[in-house]
Amino acid sequence: KKVVVFISGGGSNMIALAKAAAAADFPADIIAVVADKVDAGGLDKAAGLGIPTFSFARRDFASKEAHEAAIVDELDRLQPDIICLAGYMRLLSAAFIQRYEGRILNIHPSLLPLFPGLHTHQRAIDAGMRIAGCTVHFVTEGMDDGPIVAQAAVPVMSGDTADSLAARVLTVEHATYPMALRLVAEGKVRMEAGRAVSHAIRE
Ligand code: GRF
């Protein structure tokens, strides 16, 4: 399966996906990295791994629609089977999501449905949570509310700050996203009628 990864920042999840996909038995290849910032740190890292990169600065386009249309044009050339959002900080339009419905994954740094949106670690600490974690889900038109593919939990330690908790969650993100992508690329988990459905694949 051909995968395009979308980033906005450092791309540590993209790196984790690229490293996992480099294994011969992994059912997907990362064929390109797309960024909505020309200075996204992950672009250099992707290039260093020999992965083609494409960046689209929002300010170069007259509108959100034109910006996204440029990205879609590139995707039409790349023809990905799966899109992985990884630290991508821009909402996709309903038209984009419908076009790729069931084939877009995102990783969110909380145990959804708890704490959709931003500042998830501070909110978990403020709520007195004793566990936190990450969620890989299919992307739907709502924000952070698509069917869940995989989750991982970590303890919240006394004295944790948002940064210390974020670091602990990021570590399990890097294991959880490749595992989730493998399940989807192998067809073991599919989005059907708005739900993530597991299929035991006959060997
Ligand atoms: C991570 O917390 C991820 O869960 C969120 O963006 C943050 C940075 O991700 N989506 P990355 O290092 O850019 O992959």
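**Exercise 1.** Between which strand and which helix is the loop that holds M89 found?

*Solution.* This is a predicted model, in which local features need pLDDT of at least 70, side-chain atom pairs count only at pLDDT 80 or more, and totals for chains, interfaces and linings use all residues. Residues are numbered from 1 along each chain as its sequence is written, and side-chain values use heavy atoms, with hydrogens and water left out. The loop with M89 runs between strand 4 (82-85) and helix 4 (94-99), where helices (H or I, at least four residues) and strands (E, at least two) are DSSP runs numbered from the N terminus.

**Exercise 2.** Determine whether M89 is buried or exposed, and list its contacts.

*Solution.* Buried means under 20% relative accessible area, exposed over 50%, and partly exposed in between (1.4 Å probe, protein chains only). M89 has a relative accessible area of 59%, and therefore counts as exposed. Beyond neighbours within four places in sequence, M89 is in contact (heavy atoms within 4.5 Å) with S8 and L118.

**Exercise 3.** Describe the setting of K64 in the same way.

*Solution.* K64 lies in helix 3 (residues 64-78). Because its relative accessibility is 35%, K64 counts as partly exposed. Apart from neighbours within four places in sequence, K64 contacts R58, R90 and L91.

**Exercise 4.** Characterise the pairing of strand 8 with strand 9.

*Solution.* Strands pair if DSSP finds at least two bridges between them; here 4 bridges join strand 8 (residues 189-192) to strand 9 (residues 195-198), and the two run antiparallel. V189 has S198 in strand 9 as its bridge partner. The hairpin has 2 residues between the strands, and A193 takes a positive phi near 50° in this hairpin.
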